[in-house]
Amino acid sequence: MPSAASVGTSATEWVASLSPWPEEFGLDRMRELLARLGDPQKSYPAIHVVGTNGKSTATRTIAALLRAEGLRVGAYTSPHVSGWHERLDCDPATFERAVARVRAVAEGLGATQFEVLTAAALAEFAEAGVDVAVVEAGLGGRLDATNVVDAEVVLLTNVALEHTEVLGDTIEQIAKEKLAVAHAARVVVISDNRFTSLGPGSARIVQGGAREAAEAFLGRPIETEVDVSLPGRLERRGDEVWDGAHTPGAADWLLERLPARKYILCVSILADKRVDELLQRLARAGRTLVATRSSNPRALPEDRLAAKAESHFDHVEAIADPHEALARARALGGPVLVTGSLYLLADLHS
């Protein structure tokens with residue numbers, strides 16, 4: 001039954017109020033949720049995208065390539081920057097309907113936010129009659145709520161140390177957790193041949209990225225070129241760059257693409273990230289940092305972030321409110337780089 005607090009709220013408001021984290025990771029509730037919805041994920045083939053960085057861009061790129069080949073494609077990504085609807089690659093009205101479709105069953109089961117969003121996406125794709133769904137994993141793979149699709153093709157974008165308390169202490173352990181989604185795959189696409197032995201024995205291993213994953217699904221080359229952009233991924237806003245780099249590897253990727261300029265940085269980082277390593281890299285983009293705190297409960301408090309940043313930057317300030325922090329960064333003069341967390345960019349996006 002709906003909770004008293006949820007009565008009268010829109011589906012979007014309701015899903016925003018849910019806890020994003022389960023009491024413990026597992027797939028039992030997710031499978032039960034989908035079963036009660038008629039197992040919509042079984043009505044179309046899927047491509048599963050796992051990895052540490054670049055998953056959302058890869059997911060949207062695969063979708064764009066397949067759409068260019070005439071297929072009807074659903075794409076599911078996370079987290080979002082421009083609004084909740086971004087996760088289902090749809091407009092806000094469609095997102096509202098998609099969540100409303102699963103709400104009653106999800107509430108009855110006490111589903112988490114990510115479970116609801118995943119179920120809403122999978123059910124929406126079935127309703128839309130897609131030819132294929134491209135699904136980005138959330139955390140890891142084996143116990144992630146998205147590991148309910150029997151994907152024909154799995155893409156592993158890259159692997160770095162992250163969420164070690166859940167995924168394992170080594171690169172190899174984390175890669176194994178991520179590639180556990182390949183239980184039904186006929187093709188596994190990897191960017192790093194260190195992990196070729198971790199795929200299922202029945203799958204063909206291909207080295208590459210999004211294009212190779214799309215081609216593996218079709219079984220033929222794709223000549224089309226697509227240009228995919230997502231909010232908060234190397235997003236240029238006049239004299240500002242907004243990028244959600246939240247790992248050292250993502251920061252390296254960003255720095256390779258930034259013009260060599262002295263940026264004023266506006267930064268929030270989640271407490272469970274490799275904060276010092278990230279700050280060390282970001283200091284190569286500029287010597288002034290305004291520390292702030294996104295609305296995510298896991299965000300490092302701005303004063304603690306500022307304290308960690310002082311050894312890497314010449315000038316550091318701490319301002320709790322992200323909008324005030326961005327205004328201060330702009331006032332300090334020079335180009336601004338907003339980074340460290342997609343959740344910060346979502347707070348600031350308009």
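**Labels and their grounds**

Reply: This predicted model holds two aromatic pairs.

Me: Why is the pair of Y44 and F125 called edge-to-face?

Reply: The ring centres of Y44 and F125 lie 6.4 Å apart, and the limit for a pair is within 6.5 Å. The planes stand at 70 degrees. Edge-to-face asks for over 60. The pair is therefore edge-to-face.

Me: Which parts of the chain does this pair link?

Reply: Distant ones. Y44 sits in the loop between α2 and β1 (46-50), and F125 in helix α5, 81 residues apart.

Me: Are Y44 and F125 buried or exposed, and how do you know?

Reply: Buried means under 20% relative accessible area. Y44 has 8%, so Y44 counts as buried. F125 has 4%, so F125 is buried as well.

Me: What makes D89 and R67 a salt bridge?

Reply: Their side chains meet at 3.0 Å, N to O. The rule asks for a side-chain nitrogen of Lys or Arg within 4 Å of a carboxyl oxygen of Asp or Glu. The pair of D89 and R67 therefore qualifies. By this rule the count comes to 25 salt bridges.

Me: What does the bridge between D89 and R67 tie together?

Reply: D89 lies in the loop between β2 (73-76) and α4 (92-109), while R67 belongs to helix α3 (residues 55-68). The pair therefore ties together parts that are 22 residues apart in sequence.

Me: What is noted about the phi of D89?

Reply: D89 has a positive phi of about 55 degrees although it is not a glycine. L234 also has a positive phi, of about 50 degrees, and is not a glycine. L234 lies in the loop between α8 (210-218) and β7 (235-237). At a relative accessible area of 22%, L234 is partly exposed.

Me: What makes R103 and E107 a salt bridge?

Reply: Nitrogen and oxygen are 3.8 Å apart. The limit is within 4 Å. The bridge between R103 and E107 therefore counts.

Me: How are R103 and E107 placed in helix α4?

Reply: They are four residues apart, so about one helical turn separates them. R103 has a relative accessible area of 14% and is buried. E107, at 15%, is buried too. Buried means under 20%.

Me: How do you know which labels E235 and R237 get for accessibility?

Reply: E235 has 16% relative accessibility, so E235 counts as buried. R237 has 26%, so R237 counts as partly exposed. The side chains of E235 and R237 meet in a salt bridge at 3.0 Å, N to O. Elsewhere, salt bridges that share partners join R60, R67 and D89 into one network.

Me: Which residues make the contact of α2 with α5, and how do the helices cross?

Reply: The axes of α2 (residues 28-36) and α5 (residues 113-128) come within 10 Å and cross at roughly 35 degrees. The crossing is right-handed. R29, M30, L33 and L34 of α2 meet E115, T118, A119 and L122 of α5. By class, the contact has five nonpolar, one polar and two charged residues.

Me: At what angle do the axes of α2 and α4 cross?

Reply: At roughly 145 degrees, and they come within 10 Å. This crossing is right-handed. R29, E32, L33 and R36 of α2 make the contact with V105, A106 and L109 of α4. The residues divide into four nonpolar, no polar and three charged.

Me: Why is T61 called buried?

Reply: T61 has a relative accessible area of 17%. Buried means under 20%, so T61 is buried. T61 is in helix α3. Leaving out residues up to four places away in sequence, T61 touches A210, V226 and V228.

Me: Where is the cis peptide bond at P79?

Reply: The cis bond joins S78 and P79, with omega about -10 degrees. P79 lies in the loop between β2 and α4.

Definitions and conventions
Residues are numbered from 1 along each chain as its sequence is written. This is a predicted model: local features need pLDDT of at least 70, side-chain atom pairs count only at pLDDT 80 or more; totals for chains, interfaces and linings use all residues. Side-chain values use heavy atoms; hydrogens and water are left out. Axes are lines fitted to C-alpha atoms, for helices over the stretch in contact, and angles run from 0 to 180 degrees between N-to-C directions. Helices (H or I, at least four residues) and strands (E, at least two) are DSSP runs, numbered from the N terminus. A crossing is left-handed if the near helix is turned anticlockwise from the far one by less than a right angle, and right-handed if clockwise. Contact means heavy atoms within 4.5 Å. Ala, Val, Leu, Ile, Met, Phe, Trp, Tyr, Cys and Pro count as nonpolar, Asp, Glu, Lys and Arg as charged, and the others, Gly among them, as polar. Buried means under 20% relative accessible area, exposed over 50%, partly exposed in between (1.4 Å probe, protein chains only). Rings of Phe, Tyr and Trp (its six-membered ring) pair if their centres lie within 6.5 Å; planes under 30 degrees apart count as stacked, over 60 as edge-to-face and the rest as tilted.
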